[in-house]
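Please take a moment with the sequence and the three-dimensional view before reading on. The paragraphs that follow go from the whole chain to single residues.

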Amino acid sequence: MAVLSVGLGLTGLARADDAIEGPNIMLGAGMQRMPAWMGSSEHRNQPIPYIEAELPWHITLSTLDGLTVDLIHGDQWHGGLYGNYLWGRDRDELGPRLGGIVDSLSPRLQAGGYLEYHPTVQLSVGGNLSHDTQGAGAYLNLYADYDLPVIGYLNHSLEVQWQVMNGAAMRRFFQVTPPQAEQLGVQPWIPEAGSQQISFEYDAYMPTSLHTGFAFAVNYTRLLGDASDSPLVQHFGSANQLTTTLAFVYRF
C-alpha cells in the first residue's frame, strides 16, 4: 500500500536456482482493485500489465514486486539491489471532498537494497530499504513469505509484511497543513516517522494449460501509528485497506 504493490509472489513456481539455468518469464495483463488513495475507503480499478521474470545473472523483475539484483546468490542468503514503483494520487482519485484541497501526488520510483534468508524451501524472511528517487521519503519493509502445500494444480502462498516510513514519506501521504485543515474542518496534522502499516497477503496461481494460467492475490492492510491517526484517514477514509488483483498470464 505504501508501495501499493500486491505481490503475486509465485515463489513456488520460480526459484532462485532458475536464474542460473535460464529465463523463467510470465507475461500477461489484469486488473487491480485498490484504494483510490493511500488511506481511502473508496476503491478504483487499475488495469495492470503483468511481468514476473526470473532472468539470468540473478535478476528478477516484476511489475508488482519490483526489481531485485541478487549480489549474494547463496543457497539460503540473497541480497543486493532493489527498486520499485510507488502509486500516487490525482484530483479525481481524491474525490469531490478532497480534490483541489489535498495535494495530488505523482507516481515515483524507489531505489535501495534488500536482504533475504531462506531457512527452508517453503519459507523466506527478509527486508528492503529504499528511498524515493526524487527525494520524498524513505521506506523500510520487513516480511515473511510461506509457500503453502500445493492443492492439485494450485500453487499458493501467504505473506505478512510490516512497513515503516520516515517523516518525509509520512508527511507526503498523511500530512494536513493548516490551510488544508481550515478548508476541511479538521485539525492540522504533521505525522512523524514510525510504523505505517502491516499487511497480510494470499497469492495463488492456477494453470489453465502448460503455458497459461490465472494469478490472483488478495491483500489486507491495516494502517498504523501516525498514518492511521491522520485526519485524512479518520474523517475521509479508513485504516483498513483491501486490494485484490487478477491477471491472465502466459509462461515461457
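**From the whole fold to single residues**

Phe252 is exposed in this predicted model, with a relative accessible area of 56%. Its partner in an aromatic pair is Tyr250, which is partly exposed at a relative accessible area of 37%. The two values fall in separate classes because a residue counts as exposed over 50% and as buried under 20%, with partly exposed in between. A pair of aromatic rings is described by the distance of the centres and the angle of the planes. For Tyr250 and Phe252 the centres are 5.0 Å apart and the planes make an angle of 70 degrees, an arrangement that is edge-to-face. A search of the whole structure gives five aromatic pairs.

With that pair as a starting point, we can turn to the chain as a whole. The protein contains six helices and 12 strands. Its radius of gyration is 19 Å, close to the 18 Å that the globule rule gives for 252 residues, so the protein is as compact as a globular protein of that length. Taken along the principal axes, the box that the C-alpha atoms fill is roughly 60 × 35 × 30 Å. Among contacts between residues at least 6 apart in sequence, 59% join residues that are at least 24 apart.

Of the 252 residues, 49% count as buried, while the protein exposes about 11,800 Å², of which carbon and sulfur atoms supply 62%. There are 11 positive and 24 negative side chains, and the centres of these two sets lie 10 Å apart.

How many of the eight residues of helix α3 are buried? In this helix, which covers residues 167–174, six of the eight are buried, so α3 is largely enclosed by the rest of the structure. The buried residues are Gly167, Ala169, Met170, Arg172, Phe173 and Phe174. Phe174 is also one of the residues in contact with Ser230, together with Val176 and Trp189, when the neighbours of Ser230 within four places in sequence are left aside. Ser230 lies in the loop between α5 (225–228) and α6 (231–236), and its relative accessible area is 0%, so Ser230 is buried.

His156 belongs to strand β9, residues 155–165, and counts as buried at 10% relative accessibility. Which residues is His156 in contact with, leaving aside its neighbours within four places in sequence? They are Asp147, Leu148, Pro149, Ile151, Tyr202, Asp203 and Ala204. For Ala204, which is 48 residues away from His156 along the chain, the separation between the two C-alpha atoms is 4.1 Å.

Trp57 sits in the loop between β2 (43–55) and β3 (59–62), and its phi is near 65 degrees, a positive value in a residue other than glycine. At 73% relative accessibility, Trp57 counts as exposed. His73 sits in the loop between β4 (66–70) and β5 (77–86), and it has a positive phi of about 35 degrees although it is not a glycine. With a relative accessible area of 40%, His73 is partly exposed.

Notes. Residues numbered from 1 in each chain as written. Predicted model: local features only at pLDDT ≥ 70, side-chain atom pairs only at ≥ 80, totals over all residues. Heavy atoms only, no water. Helix = DSSP H or I, 4+ residues; strand = E, 2+ residues; numbered from the N terminus. Rg over C-alpha atoms; globule rule 2.2 N^0.38 Å. Buried < 20%, exposed > 50% of the residue type's maximum accessible area, 1.4 Å probe, protein only. Contact = heavy atoms within 4.5 Å. Areas by Shrake-Rupley, 256 points an atom, 1.4 Å probe, with all protein chains shown as cover. Lys, Arg positive; Asp, Glu negative; His and termini not counted. Charge placed at Lys NZ, Arg CZ, Asp CG, Glu CD. Phe/Tyr/Trp six-rings, centres within 6.5 Å; stacked < 30°, edge-to-face > 60°.
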